[in-house]
Amino acid sequence: MTRRSRLLTTATAGVTAALLLAGCGGGGGDSKSNDKIAGADTGASASTSPSVSASAASGRPQIELPSDLSYTFEWPKTGDEVKDAVLADSEQNIESVDLAIANQDPLDKAYRYYFEGEAAAQIQTYVQAYVKAKARTTGHFRYYAPVVNVSDSDQASLVYCEDQGKAYDLYLKTKKVNKTSVTKNSYVLYSTQLHKNDKGVWTVEKLMSVRGSSKCQP
């Protein structure tokens, strides 16, 4: 399996969730066959863990991840204030999911700050799969090829790709890392629908993913 494919076999309503547990298309170790959720990138912004989310003073949760987790977001500034805000908040929502997994908390407050409704329920199911497997994510995730569309003052969509080729599942009990080979399924296309809430935060309401999408292949 692959990263956001990790432990989940199928999440709710059309989201393919695959835990990294099965690695990028291979079997191995203590893994169980499963699917996953979504991520992205394009540009030249890189973030490495531990990462701290912007402006805790504004009420945003701090996102402090294990030092063995890192991210590259290749989605440069667009020059459009609204689109750039969507991209910035999306970086935070992606990392907040891994924080919940690291904390082994399906109701972790950080991801619940960035996800609402149907999407929040999907993330909860996804995190629960990791908790059940006593595993978390490790390695490096790359996000690229973002396409942002703003349809209203408080409605937007974001489509992006995730490279899980260097991301793996780590089993907490044995400390074993389930490393797998890179295949076409290591690349995932994500599609999210976002809503700007009363705090001015772009939160995810719906998300879908397609593993092995031709749009994300190198």
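These are my notebook entries on what I looked up in the predicted model above.

**Ground rules**

I number residues from 1 along each chain as its sequence is written, and my side-chain values use heavy atoms, with hydrogens and water left out. Since this is a predicted model, local features need pLDDT of at least 70 and side-chain atom pairs count only at pLDDT 80 or more, whereas totals for chains, interfaces and linings use all residues.

**Overall layout**

I looked up the secondary structure and found three helices and seven strands, where helices (H or I, at least four residues) and strands (E, at least two) are DSSP runs numbered from the N terminus. Along the sequence the pattern reads β-β-α-α-α-β-β-β-β-β. Of the 218 residues, 53% are buried, a word I use for under 20% relative accessible area, with exposed meaning over 50% and partly exposed in between (1.4 Å probe, protein chains only). I also looked at contacts (heavy atoms within 4.5 Å): among those between residues at least 6 apart in sequence, 67% join residues at least 24 apart.

**Helix α1**

I followed α1 from its first C-alpha to its last and noted 23 residues reaching 33 Å, close to the 33 Å expected at 1.5 Å a residue; the expected span is 1.5 Å times one less than the number of residues. Just after the helix, Gln104 has a positive phi of about 55°.

**The nonpolar cores**

Which residues have the most contacts inside the largest nonpolar core? I noted Tyr71, Trp75, Phe115, Tyr143 and Leu158, in a core of 40 residues; such a core is a set of buried Ala, Val, Leu, Ile, Met, Phe, Trp, Tyr and Cys residues joined through side-chain atoms within 4.5 Å. Among the elements giving two or more residues to this core are β2 (69–74), α1 (81–103) and β3 (135–152), and α1 gives the most, with seven residues. A second, separate core of five residues includes Cys161, Tyr187, Leu189 and Cys216. In soluble globular proteins, nonpolar side chains tend to be buried together.

I then took Leu158 by itself and, leaving aside neighbours within four places in sequence, found contacts with residues including Trp75, Val86, Leu87, Pro146, Tyr190 and Leu194.

**The disulfide**

I searched for disulfides (pairs of cysteine sulfur atoms within 2.5 Å) and the count came to one. Cys161 and Cys216 form it, with their sulfur atoms 2.0 Å apart. The pair links distant parts of the chain, 55 residues apart, with Cys161 in strand β4 (residues 155–171) and Cys216 in the segment after β7 (202–211). The torsion about the S-S bond is about -80°, so the disulfide is left-handed. Cys161 is buried at a relative accessible area of 2%, and Cys216 is buried at 1%.

**Two buried polar residues**

Arg136 sits in strand β3 and is buried, with a relative accessible area of 13%. Its side chain makes a polar contact of 3.1 Å with the side chain of Asp68; a polar contact is a pair of N or O atoms within 3.5 Å, where within protein one must be able to donate a hydrogen and the other to accept it, and residues adjacent in sequence count only if both atoms are side-chain atoms.

Ser70 belongs to strand β2 and is buried as well, at 16% relative accessible area. I found the side chains of Ser70 and His140 joined by a polar contact of 2.7 Å.
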